[in-house]
Amino acid sequence: MSIDDMSTLERIHSAAKAEFTEKGYRSASLRSIVKAAGVTTGALYGYYVGKQELFSALVDEEYEYMLSEYKKALNAFEELPAERKPEQMGHAGRECMRKMLEYSYGHRDALFLILQRSEGTKYAGMVDEMVELEVDGMHKYYEVLRQLGNTVPDIDERLEHILVPGMMNAYFEMIIHDMPHDDALKYLEELNDFYTAGWLKLVGAEHLPVLTG
C-alpha cells in the first residue's frame with residue numbers, strides 16, 4: 001500500500017510507529033509524526049488528545065492480551081483441585097508461554113514498543129506486572145504443597161525477585177531481537193528446561209513454580 005492509498009489514520013499510525021521505534025516514547029515528537037504522515041496537527045488531534053493516547057493506540061491491545069493470558073493461565077491453575085496441581089504444573093507453564101510466543105510473532109512491532117520503547121508510560125511495567133503475578137502464584141502453590149503434606153523450603157523473596165525477572169526477560173529476548181520463529185520455539189523449550197531444573201534444585205525434585213515448567 002502506497003502512502004497515497006493510506007487513510008489519514010493509517011498514515012498517522014505508520015508515522016507514529018516509526019517515530020516511537022526510533023526515539024522511544026519520551027523523545028518522540030508529535031510534530032515529527034504529523035510531518036512524516038503528511039497531515040496537519042489538527043488532523044492528528046481529531047483522533048488523539050496527545051502523545052500518550054496515540055502510543056496507547058499502537059500497543060494497548062497487545063499489552064492487555066499478554067497480561068490477560070498470563071492471568072488466565074494462573075487462574076485456571078488455581079481452580080484445579082489441590083491434588084491435581086503437581087501433575088499439571090509443567091504443562092500449564094509450557095502451554096501458556098507457547099501461546100504467548102505465537103501471538104507475539106503476529107504482533108512483534110507493538111511488543112517491541114512495549115518492551116523497548118515505552119519508558120514514561122504504564123506499558124513499561126508489563127514485565128514487572130507479570131513477575132508479581134508469577135511470584136504471587138508461586139507462593140500460593142507452595143501453600144498447596146504444604147497442605148498436601150509436602151515439606152517446602154522457605155525461598156528468600158529477594159532471590160525470587162532476581163530469578164523470576166531473569167526468566168521473564170529471557171523469554172522476551174527473542175521478540176526484542178526478532179529471532180526466527182522456529183528458532184524461538186526451540187529456544188522456548190530450552191529455557192523451560194533450564195529454569196525447571198533450577199527451580200527443582202531450590203524447592204525439591206517433585207515441585208515446580210506455577211508457570212516456569
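1. Charge. The protein carries 22 positive and 37 negative side chains, and the centres of the two sets are 4 Å apart.

2. Basis. This is a predicted model: local features need pLDDT of at least 70, side-chain atom pairs count only at pLDDT 80 or more, and totals for chains, interfaces and linings use all residues. Side-chain values use heavy atoms, without hydrogens and water, and residues are numbered from 1 along each chain as its sequence is written.

3. Fold elements. The protein has nine helices and zero strands. Helices (H or I, at least four residues) and strands (E, at least two) are DSSP runs, numbered from the N terminus.

4. Extent and contacts. The C-alpha atoms fill a box of roughly 65 × 35 × 30 Å along the principal axes. Of the contacts (heavy atoms within 4.5 Å) with a separation of 6 or more, 74% join residues 24 or more positions apart.

5. Burial. Of the 213 residues, 45% count as buried. Buried means under 20% relative accessible area, exposed over 50%, partly exposed in between (1.4 Å probe, protein chains only).

6. Surface. The accessible surface is about 11,000 Å², and 51% of it belongs to carbon and sulfur atoms. Areas come from the Shrake-Rupley method with a 1.4 Å probe; for residues, only the protein chains shown count as cover.

7. Helix α8. Leu159 sits in helix α8 (residues 157-176). Leu159 counts as partly exposed because its relative accessibility is 31%.

Notes:
Lys, Arg positive; Asp, Glu negative; His and termini not counted. Charge placed at Lys NZ, Arg CZ, Asp CG, Glu CD.
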